[in-house]
Amino acid sequence: MEKIVLFGGGGHAKVIIDLINACGSYEIAGIVDAQLAAGVSVSGVTVLGDDRILSELYEKGLINACIAVGSVGDNSKRKALYEKVKHAGFSIPALVHPSAIISGKSQIHEGVQIMAGTIVQTGSLIGENTIVNTGAIVEHDCAVGNHVHICPGATLSGNCLIGEGAFIGAGATVLQGVKIGSNSIVSAGAVVIKDVLDNTTVIGVPAK
Ligand code: JB3
């Protein structure tokens, strides 16, 4: 079985470890973490060191990576780490939990993480390094940009456009055809009924 190394060893990484084990397609070689000491165990996976060992790992033949740092509002750290790891030569495969329902007429790009119990319907595209977190729903014909986080239980209705780096909070609902701008934040539980500009935070029902 091919090996994969995780970058990040916090709460999101623990969910990723379960995801990879459920997929059964990679053996987890270890974790690279900015703060945790080498030798520490996270869900049974050992921390190997920090980002300074990135090239060394690649030269040793560990060519598959997973960005296991999550995000709460700001996806810029995930984006920067994804670009750094890719630039070092790693392949960052999409990971799809076996319990997810993914239309064969959707497109799932590199580095996407699709967690347990999610649904991605026909005609939708999920961009690079995007998280579709536990139980989220992406309905038909949505275009979700790169480095987006769709949090647990959020719903995108049909034909939504989600800009790069946007954050759709837990349990939020985005109505049909609505566009969420790049790097914008939809707060948990919000119901978005009209377009949101770039770099904007909206809250409430209806979201403002
Ligand atoms: O909401 C849900 C379901 N999950 C949240 C997830 C999406 O985001 C979760 O509840 C957390 O709030 C958050 O999880 P995350 O990103 O795992 O956060 P935390 O538990 O704080 O762990 C982040 C880990 O990433 C820490 O151990 C950091 O040291 C490490 N880290 C941060 N920056 C990094 C870097 N590791 C590497 N290798 N490189 C970095 O640049």
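Predicted model: local features only at pLDDT ≥ 70, side-chain atom pairs only at ≥ 80, totals over all residues.
**Close-up views of the ligand site and strand pairing**

View 1. A backbone N or O atom of Gly11 is placed 2.9 Å from an oxygen atom of the ligand. Asp33 contributes a polar side-chain atom, which lies 2.7 Å from an oxygen atom of the ligand. In the side chain of Lys77, an N or O atom is 3.4 Å from a nitrogen atom of the ligand. On its own the ligand has 820 Å² of accessible area, and the protein covers 68% of this.

**View 2. The shell around the ligand.** Two elements, α1 (11-23) and α3 (76-87), each give two or more residues to the shell. There are 18 residues around the ligand, and those that come nearest are His12, Val32, Asp33, Asp51 and Gly70. Sorted by class, the shell has nine polar, six nonpolar and three charged residues.

**View 3. Parallel pairing of β2 and β4.** Strand β2, residues 26-32, runs parallel to strand β4, residues 45-49, and the two pair over two bridges. Within this pairing, Ile31 stands opposite Val47 of β4.

**View 4. The β3–β4 hairpin.** Strand β3 (residues 41-42) pairs with β4 in the antiparallel sense, again over two bridges. Val42 has Val45 in β4 as its bridge partner. Two residues separate the strands of this hairpin, and Ser43 in the turn has a positive phi of about 50 degrees.

Key
Residues numbered from 1 in each chain as written. Heavy atoms only, no water. Near = heavy atom within 4 Å. Polar contact = N/O pair within 3.5 Å; in protein donor to acceptor, adjacent residues only side chain to side chain. Areas by Shrake-Rupley, 256 points an atom, 1.4 Å probe, with all protein chains shown as cover. Helix = DSSP H or I, 4+ residues; strand = E, 2+ residues; numbered from the N terminus. Nonpolar A, V, L, I, M, F, W, Y, C, P; charged D, E, K, R; others polar. Pairing = 2+ DSSP bridges.
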